[in-house]
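Please keep the structure open alongside the text.

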Amino acid sequence: MAEMLWVLLGVCAGGAAGYGLGRRRAPTAVAASQPAHQHLHSVSRLAGSLVPVWSAQLTSSRTQMETAVGTLTERFAEIVENLDTVLESSTGVLDEGQGGTFDRSRERLGGVVGTLDDALSSKRATVAELRTLLAFNDELRQMSGEVTAIAAQTNLLALNASIEAARIGRAGAAFGVVADEVRQLADRSAGTSERMASKVGHVESTIRTLLTHAEETAEREDEAVAGANAEVQAVLDDLQAVVAGFRDSSATLSRAATGIRGDISDSLVNLQFQDRVCQVLEHLQASIDRLPAVVEEAGERARTDAPPIDPDAVLGEMEASYTMAEEVDAHRSGSGAQVRDSEITFF
């Protein structure tokens, strides 16, 4: 478009130059210069009419492009921010360093299982104590039997002593009384031994009942604790598998989100073309805005026999206003220039 404008400018300048030459050629050519002046005036008016239209079109296009690219950049920035939030959230929930829910639950369940194991150990100690008491009771029963045997033997001796005392007569009367007292003591010892044996038997029966009940309870609790341990371990294994799956999914999601974030960041960098295109359009618009003045100056020079405008000077002034190397390349080569990587500013 710029080249077309400058071609038109050249045509205008050439017309103005021809108009000037015509004025210098001969006074008789004044009448013939009138059509040239009209042509020059029409070209100048056309340039003055086209420039605002082209400028308005460029402004409209640039505004639409800036709005669309700005909106797109904001959306990409929001997506990147949301991805960062998701990554931070997923990493925080499953971060082992901060003690996840699974680790805390496993520790608490381990504490419960440890308490059950302690209770079962206490029950086993109670059963062992009952067995010890049962052994002591057997010893007591044996000792009671020995006391009964001693009482029977004493009773027999007392009976023999009474018989001997009776056989001696009055001289053995006192000895007979002693023998009778000894026999009574033997009878009382035998009775006490029988009561002790009865009590020992009752205690043995009670201990055996308690021991049987304690052993059955301990066996059931042992099975219950073993089952609880197995269930807790199975639950922990299932939770471990679920958490591992979550962690794998989180890692996959993190990698995908990181990749998406990188792609979006690269896209945001590439969207900088909008700034570069805007600069080119601004320079083009400035050149278009200057065209009527150049045409008017060319016509004025033609009417006043002044030297024609210098296209190289105008183009040099135009080139001096460029801010990017691509503009200079396109200006000098007359074709589209490639964007230089070193010219991209990352943000």
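A crossing of two helices is called left-handed if the near helix is turned anticlockwise from the far one by less than a right angle, and right-handed if clockwise. The model is predicted, so local features need pLDDT of at least 70 and side-chain atom pairs count only at pLDDT 80 or more, while totals for chains, interfaces and linings use all residues. Residues are numbered from 1 along each chain as its sequence is written, and side-chain values use heavy atoms, with hydrogens and water left out.

The chain has seven helices and zero strands; here helices (H or I, at least four residues) and strands (E, at least two) are DSSP runs, numbered from the N terminus. Read from the N terminus, the order of elements is α-α-α-α-α-α-α. Of the 347 residues in the chain, 24% are buried, where buried means under 20% relative accessible area, exposed over 50%, and partly exposed in between, with a 1.4 Å probe and protein chains only. The chain exposes about 22300 Å², and carbon and sulfur atoms supply 59% of that area. Areas come from the Shrake-Rupley method with a 1.4 Å probe; for residues, only the protein chains shown count as cover. Among contacts in the chain with a separation of 6 or more, 82% are between residues 24 or more positions apart, a contact being heavy atoms within 4.5 Å.

Helix pairs come next. Two packed helices are described by the angle between their axes and the distance between the axes. Axes are lines fitted to C-alpha atoms, for helices over the stretch in contact, and angles run from 0 to 180 degrees between N-to-C directions. How do H3 and H4 cross? The axes of helix H3 (residues 101-168) and helix H4 (residues 173-270) come within 6 Å, crossing at roughly 165 degrees. H3 is therefore roughly antiparallel to H4; angles under 35 degrees count as roughly parallel, over 145 as roughly antiparallel, 65 to 115 as roughly perpendicular and the rest as oblique. The crossing of H3 with H4 is left-handed. The contact of H3 with H4 contains 36 nonpolar, 12 polar and 18 charged residues. In these classes, Ala, Val, Leu, Ile, Met, Phe, Trp, Tyr, Cys and Pro are nonpolar, Asp, Glu, Lys and Arg are charged, and the others, Gly among them, are polar.

For helix H6 (residues 311-320) and helix H7 (residues 325-333), the axes come within 10 Å and cross at roughly 160 degrees. This angle makes H6 roughly antiparallel to H7. H6 and H7 have a right-handed crossing. On H6, the contact is made by Leu315, Met318 and Glu319, and on H7 by Val328, His331 and Arg332. By class, the contact of H6 with H7 has three nonpolar, one polar and two charged residues.

Val51 belongs to helix H2 (residues 30-93) and is buried, at a relative accessible area of 5%. Which residues does Val51 contact, leaving aside its neighbours within four places in sequence? They are Ile288, Asp289, Leu291 and Pro292. Val51 and Ile288 are 237 residues apart along the chain, with their C-alpha atoms separated by 6.0 Å.

Ser265, in helix H4, counts as partly exposed at 25% relative accessibility. Asp305 lies in the loop between helix H5 (273-303) and H6. Although not a glycine, Asp305 has a positive phi of about 60 degrees, and at 36% relative accessibility Asp305 counts as partly exposed.
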